[in-house]
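Open the model in a viewer and keep the sequence panel beside it. The stops below are given in the order in which to select them.

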Amino acid sequence: MAYLARKAADAGDSSELLGIDRYAEEGDLFHIEVAKLLIERKLVRLTGLAQALQARSSWGHDLAHILIAQGHVRRIDYYSAVADVYGLPFVDLTKQPVDPALTSVDDRADYAERNLIPWQLRNGKTVIATTSITPRHFEWAEARYGEHGFDFVITSPFDILWQTQSLFREWDSFFAREALFSWKPEHSAKFTVTSAQKATIWIMAAVLLLCLIVATRPTLVVLMAAVTTIYSLTFIFKFLLTWVGSSRRVDMEISPEAVASLKDPEMPIYTVLVPMYREAKVLPLLVGSLKRLDYPASKLEVKLVLEEDDDETINAAKALKLPGSFEIVRVPKSQPKTKPKACNYALQFCRGEFVTIYDAEDQPEADQLKKAVLAFRNSDDKLACVQGRLNYFNRSENWLTRMFTLEYSQWFDFLLPGLDWLKVPIPLGGTSNHFRLSALRQVGAWDPYNVTEDADLGVRLAQEGFTVGVINSTTYEEANGVLPSWIKQRSRWIKGYMQTWLVHMRHPIQLWRSIGTKGFFSFQFFIGAPPFTKLMAPILWLMTGLVWLTHTHDFGWLFPEPFGTMAMFNLALGNLFLVYFGVIAALKRRYFDLVIVGVLLPCYWLLQSLAAYKAAWQLMVKPHYWEKTEHGTSSVTQKTLDAFKQQEAA
Amino acid sequence: MSIAGPADGLTARSAKSLVGDRIVNLAVSLAAMLAFLWIAQHVIEAGYQRADIAALEAGEAWKRGGWLSQIVLTIVGYVPDHNVRQSALSLVGAAAAGAILGVLYGRLRATGWYAIGALLLVAALGSHALALYAVTGGSRAIPLLIAFAALIPAIRALESVGDVQSAISLGLMLPLLLLASPTTTPLILPLAVASALADRDGRRDIRAFVAMVLVAVLPSIIVAVGVIGFTAQAGFDVTNLVLPYVADFRTIGLGNWQGMFAALGYFAPVLIVPLLYCFVPNVGETPRRWSAVAVVALPLYLAIGGIIFPWNMPVWGPPIALLATFGSWLAIAHLKLWMRVLALATLGVAVGLSWMVNPFWQDAEWLKAIHSVLPFIQLG
């Protein structure tokens with residue numbers, strides 16, 4: 001007998017509480033009854049309930065989510081009580097699993113979104129395991145099984161997640177890998193170059209070889225003229241972006257007053273994806289950062305996206321006894337083993353209106369999610385993504401982290417706002433991209449074969465007619481201060497940019513039509529030109545060195561006017577002004593200690609060129625290989641982790 | 001883009017009126033350019049010899065003037081015919097001056113000047129005898145005037161906004177001082193230091209101070225390296241490039257200080273307007289005093305430097321510089337009507353005085369040539 005019915009009967013009340021009203025929503029009365037049952041069973045303390053009730057009034061969310069999110073009760077205990085209140089059985093799907101014959105891949109999205117799944121056939125009826133029973137559940141069931149063809153049992157959301165993952169493992173894995181390629185193969189980096197591109201490259205190489213044989217000097221002059229022009233135009237573009245981006249008028253300013261005016265009851269469900277691989281040691285940092293987020297905990301859905309063979313991180317996550325708003329999504333083993341594939345897999349389990357990505361060591365500013373919500377609400381539906389700014393919490397650790405911080409400051413504080421102001425495609429950063437979930441799904445989410453899936457997604461969003469903004473909120477990350485690790489990371493980024501350029505230049509006219517002339521040229525100078533200039537730089541410096549230092553070589557014939565003047569401009573003014581742009585990058589954040597060390601940027605560029613050659617090689621031999629960045633190497637991170645351990649021990 | 005804050009005080013203007021304004025600005029520029037060119041051409045035809053062309057043909061052009069004017073003269077020097085050379089240089093001067101006056105008109109309208117007032121101001125500036133002389137008479141002052149005029153908005157932006165862009169814009173303007181003339185080059189470091197002190201962190205933290213000075217000075221160093229590099233690449237003697245920048249400071253003395261200061265007051269009584277702005281309340285906006293002071297201080301620097309160093313600074317140099325800084329300042333200051341009327345009035349007086357016989361400046365040849373073009377001018 002249903003708990004409520006039993007209680008009513010004990011009280012001599014034979015009202016309509018008997019049975020479940022199909023038109024009734026789970027209101028406050030229902031959740032209070034569940035809570036009372038939990039208290040009777042000593043599964044929730046009165047103080048916990050009081051805290052949850054207080055949060056409920058300010059967050060405007062149902063008591064169930066709040067009790068679980070605040071960690072007052074385990075999910076399994078809560079939903080057992082729900083079952084009792086309904087007078088229905090509670091099923092543990094790990095022990096009594098779903099009959100796979102009853103499930104359908106067409107309803108797979110509903111299982112995740114609505115938290116229900118057809119469980120078993122009993123007495124000719126399809127019994128549906130669910131976490132709640134609402135009119136929408138009845139509608140869903142009736143549409144499939146007829147008015148009298150179904151029944152309900154109660155289970156926990158974890159069970160549904162676990163069951164859905166195991167039932168649709170192959171499908172979800174395939175979807176994560178191949179969805180974009182199946183939908184728009186021309187936008188997938190599954191193949192680095194298409195047949196047409198291969199043919200073009202071979203033809204161009206043959207023509208070039210022929211010209212070099214037949215007319216060596218003129219061919220070299222033309223090549224050098226092209227290189228010089230690209231350098232000059234890239235410099236002008238960067239100058240323009242830096243100039244525009246330096247003004248505070250281009251910043252999407254979201255004031256503290258605007259954030260404070262937001263009401264928690266109006267906040268939507270927000271999904272946070274945290275893809276990790278072998279990062280058990282930095283997990284405590286992540287949990288701390290996410291707990292500091294100023295967002296109603298019950299409306300936060302945190303998914304730790306872990307590879308299923310990463311037992312170390314999975315066990316570490318379990319050991320932390322994470323709050324109820326955290327879930328572990330185990331990604332089945334498959335190739336390519338990349339972060340975007342993992343995120344695509346996890347996306348199928350997301351229920352938020354918005355979704356964002358954080359890395360394990362990220363420390364976002366507390367109000368970042370609210371700023372993102374505000375940005376979306378004050379824009380039209382075309383705004384698919386807002387990018388937070390990235391910077392580093394260990395900027396002064398060594399020379400490499402200082403250079404890295406300058407570079408990121410320039411990128412996120414100057415160049416991206418400049419791109420935003422110019423209304424051209426923005427290559428997204430690796431984390432702190434906040435998406436409208438519906439828009440992200442519409443464009444096919446991330447390309448699992450692209451190792452800079454973020455940059456690629458920025459271009460694809462623009463091609464599908466969406467826009468990207470930049471918000472004035474920072475996520476602090478750990479700068480890679482270990483040189484070999486830095487080279488690996490940088491080579492992956494450059495390889496990814498090469499991939500992105502090759503993918504989107506498969507149909508250049510289509511690209512131009514979709515993003516416009518301004519966007520097209522911006523794409524060339526922001527995505528295509530950087531890898532190219534990094535590859536060319538050592539060659540040009542070698543030539544310069546031969547001329548100046550040895551006086552034995554004269555390359556003047558390579559630079560007829562006006563290219564001679566342009567080349568001199570690039571060498572003297574261009575390079576020095578690029579150093580200047582790097583130096584002033586520190587100003588917006590007032591990192592004055594970085595301004596002086598910034599004059600050493602040319603040495604940093606040398607490292608980038610080294611990484612570029614590695615990237616070019618990898619693009620040819622293993623284009624989808626993801627060089628994993630090692631996190632937790634910074635002494636700042638170590639100190640924070642030590643402090644956490646001491647706190648835990650105490 | 002600002003979210004959930006009060007709207008800015010800017011009024012949205014229709015696209016149509018913006019296009020209309022641009023057309024008028026262009027018309028003003030073209031009219032000024034053509035007027036200057038017409039006068040310049042007739043001055044040449046009347047037999048006047050431009051001093052800079054004379055120096056160029058005597059092989060002396062490199063000894064004086066800034067790099068920018070040397071670059072222009074070098075390019076003009078490739079023109080074979082003497083008269084065509086003069087015309088080419090006049091064209092350059094006329095084009096620059098015309099463009100500047102067109103921009104000035106547009107900016108005056110943007111800061112609230114009525115069309116008639118803006119036109120009168122632009123016409124007055126263009127008809128000042130020294131302005132005409134600078135454009136048509138072979139002066140190398142134009143780059144210096146441009147540099148000074150560009151500095152005023154940069155200083156004001158630093159005062160009023162103080163964001164990174166304003167710090168960068170000042171840094172990017174300072175190379176103009178280097179390119180304009182050796183006489184203005186020493187201003188770079190004091191202005192860089194001033195910009196660092198204008199920043200609150202720069203006043204409190206030595207690292208911030210050094211960083212801000214570096215940010216202001218680096219563009220000038222870069223430009224210097226670039227110009228020297230280009231010169232060397234073109235096969236010219238780099239020593240010739242650097243010598244004027246040394247020669248102008250090799251001795252110290254006391255020149256004609258009475259004439260210099262008197263000329264400043266005679267030719268440019270407009271200096272009372274920015275000085276009043278600094279002290280009188282309710283001038284139409286929150287006073288930005290540093291940029292107003294710079295309007296007078298920069299020409300004063302020229303006057304004092306001209307007295308102390310062997311710059312061969314003509315007495316009319318600081319007054320024309322004052323007119324340039326004054327015009328630039330009017331383009332950015334939001335003044336009340338009475339101040340605008342005062343500005344126009346003092347400028348009118350300056351124009352009138354400039355055409356009267358005076359002990360400070362007379363280039364008889366030029367005046368004779370001008371008389372042949374504008375016979376209503378009675379001088380000499």
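The tour visits a sheet with the helix across it, and then a set of salt bridges.

This is a predicted model, in which local features need pLDDT of at least 70 and side-chain atom pairs count only at pLDDT 80 or more, while totals for chains, interfaces and linings use all residues. Residues are numbered from 1 along each chain as its sequence is written, chains are lettered from A and ligands numbered from 1 in the order in which they are written, and side-chain values use heavy atoms, with hydrogens and water left out.

**Stop 1: the sheet**

Select β1, β2 and β3 of chain A, which form an open sheet of 3 strands in that order, with mixed pairing. Strands (E, at least two residues) and helices (H or I, at least four) are DSSP runs numbered from the N terminus, and two strands pair if DSSP finds at least two bridges between them. At the edges are β1 (116-122) and β3 (150-154) of chain A, each pairing on one side only. From one strand to the next the twist averages 30°. Strand β2 (residues 125-130) of chain A runs parallel to β3(A), and 5 bridges join them. To see a bridge, pick A129(A), whose partner in β3(A) is V153(A).

Angles run from 0 to 180 degrees between N-to-C directions, with axes as lines fitted to C-alpha atoms, for helices over the stretch in contact (heavy atoms within 4.5 Å).

**Stop 2: salt bridges**

How many salt bridges are there over all chains? The count is 35, a salt bridge being a side-chain nitrogen of Lys or Arg within 4 Å of a carboxyl oxygen of Asp or Glu.

Select E464(A) and K184(A): their closest N and O atoms are 2.6 Å apart. E464(A) is in the loop between α19 (453-463) and β12 (467-477) of chain A, and K184(A) is in the loop between α9 (169-183) and α10 (195-214) of chain A, so this pair ties together parts 280 residues apart in sequence.

Next take D593(A) and R395(A), a salt bridge with closest N and O atoms 3.6 Å apart. D593(A) belongs to helix α23 (residues 592-597) of chain A, and R395(A) to the loop between β10 (383-392) and α17 (399-422) of chain A, 198 residues apart. D593(A) is buried at 18% relative accessible area, whereas R395(A) is partly exposed at 23% (buried means under 20%, exposed over 50%, partly exposed in between, with a 1.4 Å probe and protein chains only).
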